[in-house]
Amino acid sequence: MIGIVVMTHGALADGIVNACELVTGPAKQVETLSLKREDNIDDLSTAFEAAVKKVDTGDGVLVFTDLLGGSPCNVASMHLRTSHGFQLLTGVNLPMILEALIAREQGMPVEELAQNCRNAGTDGVKLINELLG
């Protein structure tokens with residue numbers, strides 16, 4: 001099964017996974033990391049590496065961060081230079097994580113699931129006023 005790591009500023013990572021669990025039930029092989037104001041980036045980097053190793057069972061890992069250019073994304077990006085065992089997506093939202101949790105059961109490659117998650121995330125953003133006309 002593809003592992004999932006969600007790493008964000010503040011408690012967003014825990015909140016988004018908890019919200020998904022209301023729909024999917026308990027999430028297996030998922031780790032969350034939350035960057036707090038007082039945290040050290042080196043410690044976050046170490047925790048990130050441990051989280052990826054913990055959820056990786058050989059099928060790959062999806063890493064979700066909140067903000068392109070933010071510290072969580074930068075930490076994960078630095079690890080891409082030495083480890084290509086994960087796919088990194090930014091702009092995490094509820095549709096992305098739901099897609100990851102549900103669709104990873106279908107056995108698709110991690111690269112394909114990453115694209116599906118990106119599509120679910122962007123497709124889930126709508127301006128309702130426009131839809132209602």
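This is a predicted model: local features need pLDDT of at least 70, side-chain atom pairs count only at pLDDT 80 or more; totals for chains, interfaces and linings use all residues.
**View 1. The salt bridge between Lys54 and Glu31.** The structure holds 1 salt bridge, in which the side chains of Lys54 and Glu31 meet at 3.3 Å, taken from N to O. Side chains of opposite charge can pair when their charged atoms come close. Lys54 is exposed, at a relative accessible area of 60%, while Glu31 counts as partly exposed, with a relative accessibility of 21%.

**View 2. Helix 4 and the elements that cover its buried residues.** Within helix 4, which spans residues 94-103, the residues Met96, Ile97, Leu98, Ala100, Leu101 and Ala103 are buried. The cover over these buried residues includes strand 1 (3-9), helix 1 (12-24), strand 2, strand 3 (61-65), strand 4 (86-89) and helix 5. At the start of helix 4, Asn93 places a side-chain oxygen within 3.1 Å of the backbone nitrogen of Met96, and Met96 is itself one of the buried residues of this helix.

**View 3. Gln115 in helix 5.** Gln115 is found in helix 5, which runs over residues 110-123, and helix 5 is also among the elements that cover the buried residues of helix 4. Between the C-alpha atoms of Gln115 and Val125, which stand 10 residues apart along the chain, the separation is 16 Å.

Terms used:
Residues are numbered from 1 along each chain as its sequence is written. Side-chain values use heavy atoms; hydrogens and water are left out. Helices (H or I, at least four residues) and strands (E, at least two) are DSSP runs, numbered from the N terminus. A salt bridge is a side-chain nitrogen of Lys or Arg within 4 Å of a carboxyl oxygen of Asp or Glu. Buried means under 20% relative accessible area, exposed over 50%, partly exposed in between (1.4 Å probe, protein chains only). Contact means heavy atoms within 4.5 Å. A polar contact is a pair of N or O atoms within 3.5 Å; within protein, one must be able to donate a hydrogen and the other to accept it, and residues adjacent in sequence count only if both atoms are side-chain atoms.
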